[in-house]
Amino acid sequence: MELLLQQILSGLATGAIYACMALAVVMIYQSIGHLNFAQGEMATFSTFVAWQLITWGFPYWAAFALTVALSFAGGVLIERVVFRPLKDAPALSHIVVFIGLLAIFNNASGFVWDFTIKTFPSPFGQGPMFGAFLNMHQAGMIACTLGMLVLLYLFFSRTRLGLSLRAAAANPESARLVGVRVGWMIALGWGLASAIGAVAGMLIAPGVFLEPNMMLGVLLYGFAGAVVGGLTSPIGAVAGGLIVGVMENLAGTYVPVVGSELKLTIALSLIILILIFKPSGLFGKTLAKRV
Amino acid sequence: MAIERVSAILFLLAAIAAPMLLSGFFIFQVTMLLVYAIAIMGLNLLTGFNGQFSLGHSAFYAIGAYAAAILMDKFGIGYLWTLPLAGLICFAVGFLFGFPALRLEGTYLALATFGLAVATPQILKLTPLEHWTGGVQGVFVAKPNAAMGLPLTADQWLYYLTLSVFILLYILARNLIGSRTGRALLAIRENPIAAQSMGINVSLYKTLTFGVSAAYTGVAGALGAIVIQFVAPDSFGFMLSVTFLVGLVVGGIAWLPGALIGAAFILFVPNFAEEISKGLSGAAYGVIMILLMYVMPSGAGGIVQSALRAVRAR
Amino acid sequence: MIAALATVAAASMAMAKGKYDVGASDTEIKMGHFNPYSGPVSAWGTVGKLQTAFYRMINEQGGINGRKITFITYDDAYSPPKAVEQTRRLMERDQVLGLFNPMGTASNLAIQKYMNNMKAPQIFVSSGAVAFGNPKDYPWTMGWLNYASEGRVYARYLLQNKPDAKVALFFQNDDFGKGFVAGFREALGDKAKTMIVGEASYEISEPTIDSQIVKLKASGADVLFNMSSPKFAAQAIRKLTDLNWKPLHFLTSSSAQIGSTLGPAGLENSKGIISTNYYKDSTDPRWKDDPAMKNWNAFMDKYYPEGDKSDTTNVYAYLVSETIVQVLKQAGHDLTRENIMKQAANLKQFSTPLLLPGVTITTSETDFFPIEQLQLIQFNGRTWDFIGGVIDGSAK
């Protein structure tokens, strides 16, 4: 029983990592209608920037704020410089560009900051809490993820900008007619996604150590979480991330013989099963198809 | 048409003459190029012609490769027979996977196929299956010599074998696309609901396409195993799927000859990137990929097709 | 004057007597190498970069027996098909003498038959798989170390000091992790069944391994056999502290670096960890004033300044290069592929100052694992303490 409780809590802590990244995935999906394969590497790069600033003596929160701002600007820049000229290219060509960006950021991180693992400070401390179930950082990260979720939810449903952003993604033609500057909305979406990715990176790094491939796995799990949650819903993304984390731990612990070796496979199979019954994810809206 | 026929004949002549002019190393490279081209052709049937996105083709490639390796290593079956068998096995797996895929679209399908890509190496490593798969150590495959006493080196023989398989599969794919079935596939890609209302059995066509696509990639995997003489689980990860996808887009979506160009890209450009800088080869490769998309957003196929159109318009 | 002339004459006579295969001449020795420079394991690319720098230094110092080294290294992206391609490029287009320290188990397995057919050396393979120390079937392939030896050393220590231990196995799900486990099980013999009470593995794509550690703790084990790579080892050490679980902790030498694993995990948390090593940890303060380490640091500053000094992979790569140079020196002017193999199998207690005191490198016609002597070490919160003397990890 204690093992079950521990695995669930540790699954939630790991799930919070996925949820952080899933939020960034949802953000970009809301504005461009794709998954961005380079998102994890961009977040890792941002985290390295923060690490560099802290190493140079910046206080944590100053480095944090500066990194978020730089990442936002970087995201906007990537959209303007890299994707703007390709706006009429087929969707699959965009995927190749994502893969190109992934290679560039991954290589750059390793080239500039080397491959040995680095510690990244946590604003919440590292000691254990709630007995030995969670540590302070994990609890703080879960709280932050929920906080980000609330902010994003409010942004998308309560602010004019958030609504315009959704409109631009859902129906660019109509949005343009009501005066939304669709091009800039997409750039804004990129900026926000990359800023959220930076926050996710800085929240994740203290737990898993910072190195160039830090996000390689996290992004995959984040995708899974976002998809199972429904890609259009921030709440879904967080719920999805947590579900993936817990499911994976339970599969690894309780499925006999193959559980330990196949925990991700089992979790993914369950996700596919969920998607077969709810093809738009748990919290996603089913869009009417047009003929 | 004339242009296409002339280029096909030129390609054929060049391909047949190539081993006489090239050294063993280049023959090997071109053989691998053909192997990847077959895999990309398979992906093209599914993604390019039928509009179903897949990040799982590394899995079919792996299943084909392991099927060939295990059939040879454990059952003593001749390498030539493993090719159709690997194709059949992958057809069955792809066809079955096509059913859940029916329910999913776009990004959701991407995740499902991605799951397949992630799961396959782990299943191949699974302890209870070690007797068959060799676990983390993989399986060795013996290199075949030229059949029927032909005066060819092993490299040349494998090249001609791969070339024959490529040409056979290419012709099959071409006929398939030109047929009624091919038009049905395109109709489904453009608009599944409209296709349905025109009386096309969308589910059947989609699952069959999944099967055929998997079979192509599986045959490529089997050939790859025979050429490399070795299979190991971790070489068939998710990144291999991504590589195929890059090859597909660079070659041109829904343009069959593009498979050769795409395969050449994924095989040679990383080497070229490495020449630029050892430390920044990954970044160089990424930059080349992005620049290429600027120059030809619809891949080589897009450029060739619009050139052909221009020539015909005159 | 006469003496000088005599020396020159002797030298040129020796030169004229040189025996060569493809890749060697009076002026040059051409060596091939590959490792991943791109892709998810590009961290290992530093091996090729360090060796490139090392041979530049050797050439500046006059080369080996008067010949310059041309070191050609390619990227195999850790993929066996690419490794086969690069190997054939090296052998057939670049015409190298052989492959020296090529990296990766799968990549090397994929080229093993080819190299043996070509009768060209594939020596000091950067992997610990047992397949590379099999001179009977593959006389042209020589390994470097054997993961199983290390596993055996821990097992023997345990049988001697804690025979009633309950062991939890934690390992990377590939040949690296499983290689240690195989040696460990083998040396425990019949007792393996009763002593091993839990096991859990991970894939390198997993972000965290918390769940595995929680599960292993619940197995009731009092010994943790931790065969993970540095990032996961550091995570495990920290999770042990969080869970307040204090097993006797064996950590693979691959991760037992103060700077790159124990430091990030917390030095205090790492107290008591037992590991093995055969070379000096560049991040251990114990070697701060050691002449060999100073020498290595000077090399890094001068020839490979962009290299990461806290990454002990760079010590390993230096050490392997020194051993390769020793083989080439021993080969003298007979630079045939056969003689290279013969000399590689003829290292007699070769020692360099970067090896731990007492550790030497020995090979023979039947022993194709140069590194089999290991030193058991235990972390005291600041540096590594030696436990006993150097021991032999080969199978008995």
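In chain C, four strands form an open sheet in the order β3-β2-β4-β5, and the pairing is parallel, where two strands are said to pair if DSSP finds at least two bridges between them, and where helices (H or I, at least four residues) and strands (E, at least two) are DSSP runs numbered from the N terminus. The edges of the sheet are taken by β3 and β5 (122–123) of chain C, each of which has a single partner strand, so one side of each is left without a neighbour in the sheet. The model is a predicted one, in which local features need pLDDT of at least 70 and side-chain atom pairs count only at pLDDT 80 or more, whereas totals for chains, interfaces and linings use all residues. Residues are numbered from 1 along each chain as its sequence is written, and chains are lettered from A and ligands numbered from 1 in the order in which they are written.

Strand β2 (residues 28–35) of chain C pairs with β3(C) in the parallel sense over eight bridges. Within this pairing, E28(C) stands opposite K68(C) in β3(C), and M31(C) stands opposite F71(C) in β3(C).

Taken as a whole, chain C contains 13 helices and 13 strands, and its C-alpha trace spans about 75 × 45 × 40 Å along the principal axes. The radius of gyration of chain C is 22 Å, which agrees with the value near 21 Å that a compact globule of 396 residues would have; this radius is taken over C-alpha atoms, and the globule rule is 2.2 Å times the number of residues to the power 0.38. Buried residues account for 57% of the 396 residues in chain C. Of the contacts in chain C with a separation of 6 or more, 69% involve residues 24 or more positions apart, a contact being counted if the C-beta atoms of two residues, placed from the backbone, lie within 7 Å.

Chain C is divided into domain 1 (20–145 + 290–363) and domain 2 (147–277 + 375–392), with bounds that come from an automatic or database domain assignment. The contact between them takes eleven residues from domain 1 of chain C and 13 residues from domain 2 of chain C, and the C-alpha centres of the two domains lie 29 Å apart.

Chain B comprises 14 helices and two strands. Its radius of gyration of 19 Å is close to the 20 Å that the globule rule gives for 314 residues, so chain B is as compact as a globular protein of that length. The C-alpha trace of chain B spans about 50 × 45 × 45 Å along its principal axes, and buried residues make up 57% of the 314 residues.

Chain B is in contact with both other chains described here. In the interface with chain A, 38 residues of chain A are in contact with 38 residues of chain B. The elements that give two or more residues to the chain A side are α4 (91–113), α9 (214–229) and α11 (263–277) of chain A, and the largest share, 14 residues, comes from α4(A). This side divides into 30 nonpolar, six polar and two charged residues, where Ala, Val, Leu, Ile, Met, Phe, Trp, Tyr, Cys and Pro count as nonpolar, Asp, Glu, Lys and Arg as charged, and the others, Gly among them, as polar. In the interface with chain C, 24 residues of chain C are in contact with 22 residues of chain B. On the chain C side, α3(C) gives the most, with eight residues, and the residues of that side divide into eight nonpolar, four polar and twelve charged.

Conventions: A residue is buried if 20 or more other C-beta atoms lie within 10 Å of its own, exposed if 12 or fewer, and partly exposed in between; C-beta atoms are placed from the backbone.
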